[in-house]
Amino acid sequence: MNYAHLKEELIEYSKTIGIDKLGITTADPFLSLKDRLIAQQENNFASGFEHSNIDERVDPRLSVQQARTIISIAVAYPSKLKNPPKSLPGKRRGFFSRSSWGVDYHDVLNERLKKLEAFLEARCGPEAMMRMVDTGALSDRAVAERAGVGWSAKNTFIITEEFGSYVFLGNLITTIPFPVDKPLEDLCGSCTKCIDACPTGAIVEPGVLNAQVCLSYQTQTKGFMADEFRSKIGNHLYGWDTCQLVCPYNKKIPQPAHKEMEPDPEKVKPLLLPLLSLSNKEFKREFGHMAGSWRGKKPIQRNAIIALAHYKDQTALPKLVELMHDDPRPVIRGTAAWAIGKIGDSKKEENELLIAKKREEDQEVLEEIDKGLTLLGFAVEK
Ligand code: B12
Ligand code: SF4
């Protein structure tokens, strides 16, 4: 079998099924990544969303014993929203980051990798292969970097020269001895725009992210959001793109034409208030197909309440009072109480908070009620 020829055929085929870039690397262990992953944990910089077994993360052969190569694919996604609906007083809107536009990228990339698998099986017979998109053991970025798909940039992204960093990554581990590609030159140079623009200083040094303070991570947690981040997330419901938006390599890039990834403006910039009344079933129907729904309804609703507080939207007060009194979830009751303090300006809101304070039994919610009262100028006894 001529594997160089097979690789050429594979690359040609990949273009016909919506893969924008493909590179191949060996299945050798990612040695320098190991220390990096250990350091992330020791410094408490990891998010907790990473695959937990570090040996499996760095050694592809713990996933596929006879692995010879890893195919890395990149699929570009749009970064510009056509005809965005306006966020108006009384009709304020939230925002899902670009990685959540269109159909969940896990489904899109997995479907494309399945096609690559079938293509290779038809030519090589049954081979041991394993697909990975985001949730697999390997670091998708480390694979893409070594396969020459893009360089590993200061903002920790893989940046492609063709599509900037707006690419999703996926891998196919194979037992096929393809010739491999070379890593690309790092083109960040002396630029530090992403480091300077990050509102929380999350890029602690070039290529190192403290995920705990990254606003993308903060929008995805399920508990109470620390006050310092509430004032920063603005109207963001899921994810964060500042370190991509400021990057010069994302400025003059083509908008990809993948139908599945086209954003529905009403879904990616939804009205905030209706989000607070969605049942689980309605949430799944409306947002379940989006990558940003993976943590369920609660973080999105919590962030929607914070966004309404950010806008000081008075029309939200009746709903927030209802949530503070009746919602079974402490995070929602407490965040609503804090938001009432942020938005409210009358005795009425103060009375509602005092009523809630008498009834509430959850310690964290009680603290949020006190924050709300303090924001309204009420002297809270400690
Ligand atoms: C956990 C995780 C997160 C966490 C932590 C992110 C992080 N930077 O570590 C949080 C929740 C914050 C997050 C946020 C986002 N994520 Co995320 N995330 C992941 C996940 C599941 C694991 C990442 C990981 O292991 N990080 C640990 C670090 C240490 O490793 P790494 O970044 O993978 O690898 C690099 C470093 O190790 C570095 N490195 C290695 N050795 C050395 C040595 C030195 C000296 C240095 C400096 C660096 C260095 O080079 C490696 C290659 O670039 C991957 C999917 C996967 N399975 O890999 C997606 C992934 C990284 N996420 C992705 C995306 C799209 C996002 C968001 C844009 C979503 C959004 N809009 O909000 C943000 C971007 C935030 C950011 N600046 O990274 C994409 C990135 C695509 C790309 N072009 O790079 C991925 C690859 C998913 C995918 N399959 O497409 N994510
Ligand atoms: S903003 Fe500058 S430093 Fe940051 S990733 Fe882009 S080119 Fe590199």
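**Exercise 1. Identify which polar backbone atoms lie by nitrogen atoms of ligand 1.**

Solution. A polar contact is a pair of N or O atoms within 3.5 Å; within protein, one must be able to donate a hydrogen and the other to accept it, and residues adjacent in sequence count only if both atoms are side-chain atoms. Step 1: a polar backbone atom of valine 167 lies 3.1 Å from a nitrogen atom of ligand 1. Step 2: for asparagine 155, the corresponding distance from a backbone polar atom to a ligand 1 nitrogen is 3.2 Å. Step 3: for aspartate 134 it is 2.7 Å.

The model is predicted: local features require pLDDT of at least 70 and side-chain atom pairs pLDDT 80 or more, while totals for chains, interfaces and linings use all residues. Residues are numbered from 1 along each chain as its sequence is written, chains are lettered from A and ligands numbered from 1 in the order written, and side-chain values use heavy atoms, without hydrogens and water.

**Exercise 2. Describe the shell around ligand 1.**

Solution. A residue is near a molecule if one of its heavy atoms lies within 4 Å of it. Step 1: ligand 1 is surrounded by 41 residues, and the closest are Arg57, Asp134, Ser139, Ser152 and Ser216. Step 2: sorted by class, these are 18 nonpolar, 15 polar and eight charged residues. Here Ala, Val, Leu, Ile, Met, Phe, Trp, Tyr, Cys and Pro count as nonpolar, Asp, Glu, Lys and Arg as charged, and the others, Gly among them, as polar. Step 3: helix 2 contributes the most, with five residues. Helices (H or I, at least four residues) and strands (E, at least two) are DSSP runs numbered from the N terminus.

**Exercise 3. Locate the largest nonpolar core.**

Solution. A nonpolar core is a set of buried Ala, Val, Leu, Ile, Met, Phe, Trp, Tyr and Cys residues joined through side-chain atoms within 4.5 Å; buried means under 20% relative accessible area, exposed over 50%, partly exposed in between (1.4 Å probe, protein chains only). Step 1: the largest core has 54 residues, and Phe96 and Leu320 are among those with the most contacts inside it. Step 2: helix 15 (residues 330-343) supplies its largest share, eight residues. Step 3: a second, separate core of 28 residues includes Ile19 and Phe178.
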